[in-house]
Amino acid sequence: MAIIILAIESSCDETSASVCIDGKIVSNSIANQTIHQNYGGVVPELASRVHQQNIIPTVHQAISDAKINKNQIQAVAFTRGPGLLGSLLVGVSFAKAFALGLNIPLIEVNHVQAHVLAHFIAPKNTENYSPPIFPFLCLTVSGGHTQIVLVKNYFDMEIIGQTLDDAAGEAFDKTAKILGLPYPGGPLIDKYAQLGEPSTYSFTEPNIPDLNFSFSGLKTAILYFVRDNIKKNPDFLAQNINNICASVQERIVSILLNKLKKAAQQYQISHIAIAGGVSANSGLRQALNAEAKKNNWTVYIPDFQYCTDNAAMIAIAGHYKYLNNDFVGQDITPQARITF
Ligand code: KG4
Ligand code: ZN
């Protein structure tokens with residue numbers, strides 16, 4: 001009998017549901033929240049309210065896209081954390097009720113591990129997909145996390161470097177806010193950067209020990225840079241937005257790649273992956289491919305749809321946990337802060 005898993009993701013501002021049959025993603029429905037655009041970041045209370053409105057239609061859509069009947073589902077996987085507690089509560093409560101109603105088991109999934117495991121989703125219409133080979137390094141860069149993870153097996157992962165303050169996605173989003181751009185700013189900075197010259201402005205690379213990162217100094221440098229230039233020319237931002245975005249993006253990407261290179265050397269690993277929302281960034285993808293050529297790396301870059309938050313990555317993680325008989329009971333609670 002085929003293994004059919006329903007997965008729910010609600011850790012931040014995306015409500016998503018996915019169905020996975022025998023390790024293949026057959027649907028991935030995502031409801032984005034636009035309500036946060038004018039606030040410069042996700043407003044937790046608003047996010048949980050919108051999750052409540054979206055969760056039933058999103059699950060319904062995923063089940064209907066998968067062309068299955070809900071009674072065929074054998075387990076419900078859900079994001080337990082890390083994330084916003086109110087948002088997580090909506091997904092976890094829904095998953096528990098759904099599993100109870102159908103008398104099927106529950107599978108808890110760590111959101112950040114799931115970003116890494118998104119690499120095991122075969123892209124659509126690909127016959128012979130080759131997922132990463134263990135051990136590999138994964139640079140997980142999202143709005144909440146910036147980590148270099150040594151991936152020894154599906155659920156045997158070690159964080160070997162991480163941010164000491166802001167995440168890379170936050171660096172993009174906070175820069176966007178300073179530049180007067182709406183949330184989430186990462187995709188917009190990416191778009192403007194493609195039209196600009198990255199060497200126009202120079203922002204210092206922080207000197208952080210080991211494999212760790214820091215982005216708060218860069219944010220402050222950008223704030224002062226913009227303030228000083230606007231004093232001299234009130235139209236500075238409008239006239240130079242492409243070059244500013246290109247220069248900031250180049251610095252964020254170089255901070256990330258320099259640590260990734262260091263990790264690859266230190267651990268003697270040449271299989272390198274990127275994951276999380278920021279892995280959708282075109283500058284990061286190009287720079288990673290260029291480094292791969294220089295260093296003889298094999299790189300793994302997920303499909304755009306599996307970079308940002310989605311339930312397909314929760315479903316694939318759920319599939320491997322199902323194979324391990326790794327289930328949890330109805331007493332499970334969400335956890336805003338968990339690691340692995
Ligand atoms: O993984 P994700 O969807 O949610 C979290 O788990 O945080 O990542 C969202 C982050 C946001 O900070 C967003 O600005 C950033 O990913 N992002 C990008 C791009 N697309 C999304 N950053 C830079 N360039 C992009 N193209
Ligand atoms: Zn995420």
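**View 1. Lys-294, at 65% relative accessibility, counts as exposed.** Here exposed means over 50% relative accessible area, buried under 20% and partly exposed in between, with a 1.4 Å probe and protein chains only. The model is predicted: local features need pLDDT of at least 70, side-chain atom pairs count only at pLDDT 80 or more, and totals for chains, interfaces and linings use all residues. Residues are numbered from 1 along each chain as its sequence is written, chains are lettered from A and ligands numbered from 1 in the order in which they are written, and side-chain values use heavy atoms, without hydrogens and water. Lys-294 forms a salt bridge with Glu-291, with 3.3 Å between the closest N and O atoms; a salt bridge is a side-chain nitrogen of Lys or Arg within 4 Å of a carboxyl oxygen of Asp or Glu. Glu-291 is buried, at 10% relative accessibility.

**View 2. Glu-108 and Arg-80 form a salt bridge.** The closest N and O atoms are 3.5 Å apart. Glu-108 lies in strand 5 (residues 106-110) and Arg-80 in strand 4 (residues 75-81), so the pair ties together parts 28 residues apart in sequence. Strands are DSSP runs (E, at least two residues), as are helices (H or I, at least four), numbered from the N terminus. Arg-80 is buried, with a relative accessible area of 15%.

**View 3. Asp-166, Glu-170, Lys-174 and Lys-219 are linked in a network of salt bridges.** Within this group, Glu-170 pairs with Lys-174, the closest N and O atoms being 3.4 Å apart. Glu-170 is partly exposed, at 24%, and Lys-174 is partly exposed, at 28%.
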